[in-house]
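Here are my notes for you, written as a colleague would jot them down. Have the structure open while you read.

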2 protein chains.
Amino acid sequence: MPWKAIGIFDSGVGGLTVLKEIIKVLPQEDTIYLGDTARVPYGTKSPETVTRYSLEIASFLVKRDIKLLVVACNTASAASLEALTERLPIPVVGVIEPGARRAVATTRTGKVGVIGTEGTIRSSAYAKAIKRLNPEVEVITRACPLFVPLAEEGWTDNEVARLTARTYLAGLREQGVDTIVLGCTHYPLLKRVIGETVGEDVRLVDSAEETARTVADILRGRDLLRPDGEQGNHHFFVTDVPAGFIRVGNRFIGGRLGDVYQVSLDAEKERP
Amino acid sequence: MPWKAIGIFDSGVGGLTVLKEIIKVLPQEDTIYLGDTARVPYGTKSPETVTRYSLEIASFLVKRDIKLLVVACNTASAASLEALTERLPIPVVGVIEPGARRAVATTRTGKVGVIGTEGTIRSSAYAKAIKRLNPEVEVITRACPLFVPLAEEGWTDNEVARLTARTYLAGLREQGVDTIVLGCTHYPLLKRVIGETVGEDVRLVDSAEETARTVADILRGRDLLRPDGEQGNHHFFVTDVPAGFIRVGNRFIGGRLGDVYQVSLDAEKERP
């Protein structure tokens, strides 16, 4: 019996930071990634719309016989994790719960900052997840809408990035947080600038790293890990022409993506 | 017989800068605006995808009995104007041709700069339109992907905006352009910062203003102008929940939008 792959999706390239961490932790696993580039970004869209899109993508990936689904998109995790978990016969891992867990374990002052897109922040998904784990922890949030276009433009280490980070993050520091959750899959690319801005004494929680660890734990627990040894294969699908995804994606994955195929999700849409 | 309305669409709020200019020139006209907020932005999507979306929106607006369609989106104008003009029984006005015409009329040095989203710049639509009008004019282009999120964030007059403008525009100035086309409907909001950056001697061509003039000319030529006197009514439709559109849109229109309704374009999709 061939080993099944791990399915991963995001609205675009951002989820590649999560894929990168999964490959680091589980180099032997095959993966199938779908970037919904025809409909990116999700951060400005309503939870209803994002959930509809997520279910379409899950249907596409489940047909390719995956063993676990990673929702590598904070907006989709916030909006759709419940709907996906209810409907799918396989484990579903979002990026919010793992980040929240690490933040609660890390903070000493009991004050955690969360940064993300407007959609993620408005959903209060991290704040709710953190409060569920420890109601005593105070959560201070800040939407940073310009971080995504900065990461995609490759402006991750210039003066515009530093000034933008200062503008967004000054308030968080002043309010005494000692831990900040990077609540958007694009933000690991800005980790250095964010770290310099908030100072060494503030710990950054990278949801991508935590999510990869959670994936490994679940597969191990269910005895679904592929044995070590071989290198996994990685397949990429996008919903718009691949050129932009490949250009930005190579930077995100820190290497070269393999072949990227354009697909239509029309067959996955629910007809009224 | 009631006077028909002018139909306008954009991928999101950007086209409101065009609507604003149309209202300034033709205050008596009724308008119907559709912002495709569920699928914004178009700038990163392929011409095929954008054309499919544009045809769906045109079908929606034509059913509401408009007398003229304004494609108030540079990406959609570049990708879809031909397809729309072929299929629709009414005049269709894009934002590229009017901007190109004004640029050719304005330049003295024969060197015109064009700034826009990556999609618009990659399409070479402005360069082609300018060359059609005068093959002697040299066109120097620059994609400025961060200008859209800056305008939507309301960061139109701060240090991040100025630094971003300097980073994008220094090259254009050095290459001796005396005219720059604001080739994206969001950019009029950054007009002041852009103007300060390139200096007083460089003229900025605002496609929104030129498009409004073209609309007035066509309606006058066909005797379709509503007589002066009354104030026109303005209706707004969006394809995702209206909250974000209203918040950003009020800033774009420089006042208060009326009621904004969410609609589905599913009935306009071509079934295979």
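The numbered points below go through the core, the salt bridges and the interface.

1. A word on conventions. This is a predicted model, where local features need pLDDT of at least 70, side-chain atom pairs count only at pLDDT 80 or more, and totals for chains, interfaces and linings use all residues. Residues are numbered from 1 along each chain as its sequence is written, chains are lettered from A and ligands numbered from 1 in the order in which they are written, and side-chain values use heavy atoms, with hydrogens and water left out.

2. Start with the largest nonpolar core, which has 50 residues. (Such a core is a set of buried Ala, Val, Leu, Ile, Met, Phe, Trp, Tyr and Cys residues joined through side-chain atoms within 4.5 Å; buried means under 20% relative accessible area, exposed over 50%, partly exposed in between, with a 1.4 Å probe and protein chains only.) A:Ile115, A:Phe147, A:Leu169, B:Ile115, B:Phe147 and B:Leu169 touch the most other members.

3. Take B:Leu169 from that group. Leaving aside residues up to four places away in sequence, B:Leu169 touches B:Ile115, B:Cys144, B:Phe147, B:Ile194, B:Thr197 and B:Val198 (contact means heavy atoms within 4.5 Å).

4. Now the charges: over all chains there are 46 salt bridges (a side-chain nitrogen of Lys or Arg within 4 Å of a carboxyl oxygen of Asp or Glu). A:Arg39 pairs with A:Asp36 at 2.7 Å, N to O. A:Arg39 is buried at 8% relative accessible area, and A:Asp36 is buried at 0%.

5. How exposed is A:Glu230? In the salt bridge of A:Arg226 with A:Glu230, the closest N and O atoms are 3.8 Å apart. A:Arg226 is buried, at 14%, but A:Glu230 counts as exposed, at 56%.

6. On to the interface: 29 residues from chain B and 29 residues from chain A take part in the contact. About 2,300 Å² is buried between the two chains, with carbon and sulfur atoms giving 58% of that (buried area is the accessible area, 1.4 Å probe, that two parts lose on being put together, summed over both). B:Leu146, B:Glu153 and B:Trp155 supply 21% of the area chain B buries against chain A, more than any other three residues.

7. Which charges meet across the interface? The rule finds two salt bridges between chain B and chain A. A:Arg247 forms a salt bridge with B:Glu118, with the closest N and O atoms 2.7 Å apart.
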